[in-house]
Every structure is written in structure tokens, then in C-alpha cells.
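Please look over the model below with the following numbered notes beside it. They move from a helix pair to the chain as a whole, and then to an annotated span and its end.

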Amino acid sequence: MELELRHLRTLCAIADAGSVGRAAAVLGYSQPAMSTQLRRIERLFGEPLFLRGAGGVEPTAYGVEVVAQARDVLARAEAIGRRGSAG
């Protein structure tokens, strides 16, 4: 699996929502599909990005770094898209 922008959006949505289920609802996915996607993404990174608990999820220290970089990449990709449509 290669990392794609949709994976970065998934991580940011989970971090923002604090819950895989709530993030799934925001993105229009089922909770099981979102959980599966998160497991695949974490496998790609080689370690957990979120700690799971009864009340939701919390980013690990590494997860905080990854989500911050994901936000930067997504902002840059959006800026490229805006510039491309302006010309």
C-alpha cells in the first residue's frame, strides 16, 4: 500500500473527531471500514498512531507528529489545487 492523500484525511478526521466512529460518520464511511483503514495505515507506518479506549482515541506521540505533517501536506495539496484552477 502506498500512502495517499485520502489516508492523510482519514488520520486528520480521526484526530479531530477523537473517535473512529465519529470520523467515519464525517467522511461517510462505516465504522468497521474506517477501523480497517486505520489498521492498514498504522501497518504502513510500523507503529500505532492512536491509543484506543472506551471513550474514543487519542494520538500517540508519533501520531501527533504524523497528523501535524498530514495537515501540512493536505494544506499544500489544497494550495496547489487552488493555484491550478486559478490559471
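1. A crossing is called left-handed if the near helix is turned anticlockwise from the far one by less than a right angle, and right-handed if it is turned clockwise. In this model α1 passes α2 in a right-handed crossing, where helices (H or I, at least four residues) and strands (E, at least two) are DSSP runs numbered from the N terminus.

2. On sources, this is a predicted model in which local features need pLDDT of at least 70 and side-chain atom pairs count only at pLDDT 80 or more, while totals for chains, interfaces and linings use all residues. Residues are numbered from 1 along each chain as its sequence is written, and side-chain values use heavy atoms, with hydrogens and water left out.

3. Helix α1 (residues 5–17) packs against helix α2 (residues 20–27) at an angle of about 125 degrees, and their axes are 8 Å apart; axes are lines fitted to C-alpha atoms, for helices over the stretch in contact, and angles run from 0 to 180 degrees between N-to-C directions. That makes α1 oblique to α2, since angles under 35 degrees count as roughly parallel, over 145 as roughly antiparallel, 65 to 115 as roughly perpendicular and the rest as oblique.

4. Which residues of α1 and α2 make the contact? From α1 they are R9, T10, A13, I14 and A17, and from α2 they are V20, R22, A23 and L27, with contact meaning heavy atoms within 4.5 Å.

5. The protein chain has four helices and two strands, which follow the pattern α-α-α-β-β-α when read along the sequence. Its C-alpha trace spans about 50 × 25 × 25 Å along the principal axes. Of the 87 residues in the protein chain, 31% are buried (buried means under 20% relative accessible area, exposed over 50%, partly exposed in between, with a 1.4 Å probe and protein chains only).

6. UniProt lists residues 3–60 for "domain: HTH lysR-type", in an unreviewed entry, and such annotations may be inferred rather than shown by experiment. The span is 62% helix and 14% strand, and its end C-alpha atoms lie 19 Å apart.

7. T60 is found in the loop between β2 (56–59) and α4, and it counts as buried because its relative accessibility is 14%. Leaving aside residues up to four places away in sequence, T60 touches P48, L49, F50 and L51.

8. A61, by contrast, lies in helix α4 (residues 61–86) and counts as exposed because its relative accessibility is 61%.
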